[in-house]
Amino acid sequence: MADDGPVEHGYPHLETVRAAITALYRRLSYTGVRTFATSVAPVDVAFCDTDDLHLGAQRVARELVRHYGLPDARLIVSFREMTHAANVELTAGPEYFVELNDRFRTHRRDIGAALAHEVMHVCLHRLDLSFPGMRDNEILTDTAATYLGAGWLLLDAFRQDGVSSQKLGYLTPEEFGYVLAKRALVFDEDPSTWFTSPQGYEAYVEGLALARRDGRQPPLTAAGWVGRRRYARDRRHVQDHGRLPAGQSQAPYSFTRAGQEPLRVSFPCPTCHQRIRVPVRGRVRARCGLCRTVLECDT
C-alpha cells in the first residue's frame with residue numbers, strides 16, 4: 001500500500017500479468033472464466049461512513065465470497081495497526097481470518113478494494129494456483145481479482161492530489177487498467193462509469209489502449225500497415241536465412257520449421273496470451289484452444 005509516497009507507473013510487471021491471465025484460463029478453463037461474466041456491482045460493495053464498521057466489513061466480505069464462488073467460506077474481518085493494507089491467514093477453512101490496516105477505519109470506501117485482493121488469495125489457495133515467489137504470486141492475485149470482476153475496486157482506490165497519494169495492490173495503476181480492459185473486451189463491459197477516482201479512470205484509459213494494441217499485432221489481419229510491412233520483411237528474411245533479422249528478437253512472433261514441414265509462425269493469443277502456431281500460407285483463420293478466440297491472420 002503506497003500512502004503519501006511515490007506511486008510506480010508504467011508496465012514493469014506486464015510479462016507476469018500476461019502469464020497470470022494464461023494461468024487463469026488453464027486452471028479454470030474457458031467455461032470457468034465465463035462464469036465471471038458479471039462484475040461486482042458498485043452498489044453491492046458500497047460502504048459509507050455511517051455504516052457500522054465491523055458489520056459493514058463482514059457484509060462486503062460475504063459479497064466477495066459469493067462473487068468468487070466460495071459459498072462455504074466464512075471470513076472473519078478485524079482491524080489492527082500494520083504496514084501492509086491487509087493480510088489473510090490461509091488455512092484449510094472454512095473460516096479465514098482477514099486483518100485490515102487500521103487506516104480503513106476512516107477510509108471505509110476502500111474496504112471493498114482491500115477485501116477483493118484478500119478474498120482472491122483464498123480463492124487461489126483453494127484452486128491450488130500460485131506463482132513461485134511472493135512478488136509474482138501477489139501479481140497473480142491482483143490480476144485474477146481484476147480479470148474475474150472485482151479488481152476494478154483496487155484501481156478505483158488509486159488517488160492522487162497535490163499533497164498525497166494512495167494506491168492498493170502490487171500492480172501499477174496502468175497495469176490494473178490493462179487487465180480491466182482485457183476483461184472488458186472479452187465480456188463487452190464498460191467499467192468507465194464505475195470510477196470515483198479520476199486517476200483510476202485515466203489509468204484504465206491508458207491500459208485500454210495497450211489492450212487494444214494486443215489485437216493489432218501481426219500476423220493478425222487487424223495489424224496496421226507498419227506492422228504488416230515489418231512482418232513481411234521478417235518472413236522473407238527467415239525464408240532466405242532461416243532466422244529473424246538481428247535486433248528483432250523482441251518481435252511478438254517467431255518462425256519455426258521442422259524438417260520438411262512448412263514454415264510456421266508462432267504468436268500470443270491477444271485474449272489469453274497462450275502461444276498459437278499456424279502455417280505460413282497467407283490468410284488463415286485460427287482458433288485458440290484455450291480461450292476459444294477466433295483469430296483472423298495473414299501469415
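Predicted model: local features only at pLDDT ≥ 70, side-chain atom pairs only at ≥ 80, totals over all residues.
Local features need pLDDT of at least 70 and side-chain atom pairs count only at pLDDT 80 or more, while totals for chains, interfaces and linings use all residues. Residues are numbered from 1 along each chain as its sequence is written, and side-chain values use heavy atoms, with hydrogens and water left out.

**Nonpolar core**

- The largest nonpolar core holds 94 residues, and Y68, L100, I111 and L115 touch the most other members.
- A nonpolar core here is a set of buried Ala, Val, Leu, Ile, Met, Phe, Trp, Tyr and Cys residues joined through side-chain atoms within 4.5 Å; buried means under 20% relative accessible area, with a 1.4 Å probe and protein chains only.
- Helix α3 (residues 111-127) supplies the largest share of this core, 11 residues; helices (H or I, at least four residues) and strands (E, at least two) are DSSP runs, numbered from the N terminus.
- Beyond its neighbours within four places in sequence, Y68 is in contact with F36, A116, V119, M120, C123, A145 and A150, where contact means heavy atoms within 4.5 Å.

**Helix α6**

- Helix α6 (residues 173-187) has 15 residues and spans 21 Å from first to last C-alpha, close to the 21 Å expected at 1.5 Å a residue; the expected span is 1.5 Å times one less than the number of residues.
- Because 13 of its 15 residues are buried, α6 is largely enclosed by the rest of the structure.

**Largest pocket**

- The largest pocket contains about 580 Å³ of space. A pocket is an open set of points on a 1 Å grid over the protein atoms alone, where a 1.4 Å probe fits, with protein on both sides within 12 Å along at least five of seven lines; lining residues have an atom within 4 Å of a point.
- Its lining has 26 residues, of which R18, P252, P268, H273 and R275 are the closest to the centre.
- Two or more lining residues come from each of α1 (14-34), α7 (198-214) and β8 (264-268), and α1 gives the most, with five.
- By class, this lining has 12 nonpolar, eight polar and six charged residues.

**Second largest pocket**

- The second largest pocket has a volume of about 340 Å³.
- Of its 18 lining residues, A86, H117, E118, E138 and Y170 lie nearest the centre.
- β3 (86-88), α3 and α4 (134-147) each give two or more residues to this lining, with the largest share, four residues, from α3.
- The lining of the second largest pocket has 11 nonpolar, five polar and two charged residues.

Definitions and conventions: Buried < 20%, exposed > 50% of the residue type's maximum accessible area, 1.4 Å probe, protein only. Points joined across faces, edges and corners; volume = space filled by probe spheres on them. Nonpolar A, V, L, I, M, F, W, Y, C, P; charged D, E, K, R; others polar.
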